[in-house]
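Notebook open, model on the screen.

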Amino acid sequence: MKPEGKTIKLFEKDRFATENGAVIEEVDHLYAKCTMPLEARHRNAMGAVMGGAYFTLADFAFAVAANWQEIGTVSLHSDIAYLGAAKGDTLIAEAFCVKNGKTTSYYRVEVKDELGNLAVVVHTTGFRKAK
């Protein structure tokens with residue numbers, strides 16, 4: 001489903017991600033899809049997408065998926081695997097909850113380009129802070 005104004009307003013505070021172009025496209029129960037149009041500032045000296053751009057979008061998608069319904073989950077640990085280079089002009093990250101426990105969660109985030117090339121997979125363990 002399309003994100004509501006309340007969700008968009010909440011995540012506008014994630015300024016590093018949003019100022020680098022991250023946009024929430026879809027949200028659902030423990031799921032988020034976010035995009036980032038690629039610009040020159042996202043590229044390294046060799047012209048490839050900088051690893052930090054991939055990770056920023058993946059981390060943002062995790063944060064949205066884990067928090068848009070109830071804020072309070074933070075990342076404890078993330079592993080990133082760079083599988084290939086994005087060829088297109090937009091990165092697309094989809095965060096899927098694999099396990100959602102009482103205090104910890106585990107997410108898989110896939111980052112592709114709009115052509116469908118899988119570039120990165122991130123696994124993140126989340127921790128839900130006590131209320």
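I began with what lines the largest pocket: nine nonpolar residues, five polar and four charged. I'm working from a predicted model here, so no experimental structure is behind these notes.

Next I looked up how much space that is. The largest pocket comes to about 270 Å³. It has 18 lining residues, and those closest to the centre are Phe11, Asp14, Ala63, Asn67 and Thr73. Which of the elements gives the most? That is H3, with six residues.

On to the second largest pocket. I noted a volume of about 160 Å³ for this one. Its lining has 13 residues, and nearest the centre I found Leu30, Ala66, Glu70, Thr73 and Arg128. Two elements turned up as giving two or more residues to this lining, H3 and S5. H3 has the largest share here, with three residues. By class, I wrote down five nonpolar, six polar and two charged residues for the second largest pocket.

H3 covers residues 51–67 and lies across S1, strand S2 (31–37), S3, strand S4 (90–100), strand S5 (104–113) and S6. Against S2, I read a running angle of about 150 degrees for H3.

Then the sheet itself. In what order do the six strands come? I read S1-S2-S4-S5-S6-S3, an open sheet with antiparallel pairing. Why is one side of S1 and of S3 left without a neighbour? Strand S1 (23–28) and strand S3 (73–82) are at the edges and each has a single partner strand, so one side of each has no neighbour in the sheet. I also took down the twist, which averages 20 degrees from one strand to the next.

S3 is joined to strand S6 (residues 118–128) by nine bridges, and the two run antiparallel. For a landmark in this pairing I picked Val74, which stands opposite Phe127 in S6.

How values were computed:
Residues numbered from 1 in each chain as written. Predicted model: local features only at pLDDT ≥ 70, side-chain atom pairs only at ≥ 80, totals over all residues. Heavy atoms only, no water. Pairing = 2+ DSSP bridges. Helix = DSSP H or I, 4+ residues; strand = E, 2+ residues; numbered from the N terminus. Axes fitted to C-alpha atoms, helices over the stretch in contact; angles between N-to-C directions. Contact = heavy atoms within 4.5 Å. 1 Å grid on protein atoms, 1.4 Å probe; cavity = no way out; pocket = protein on both sides within 12 Å on 5 of 7 lines; lining within 4 Å. Points joined across faces, edges and corners; volume = space filled by probe spheres on them. Nonpolar A, V, L, I, M, F, W, Y, C, P; charged D, E, K, R; others polar.
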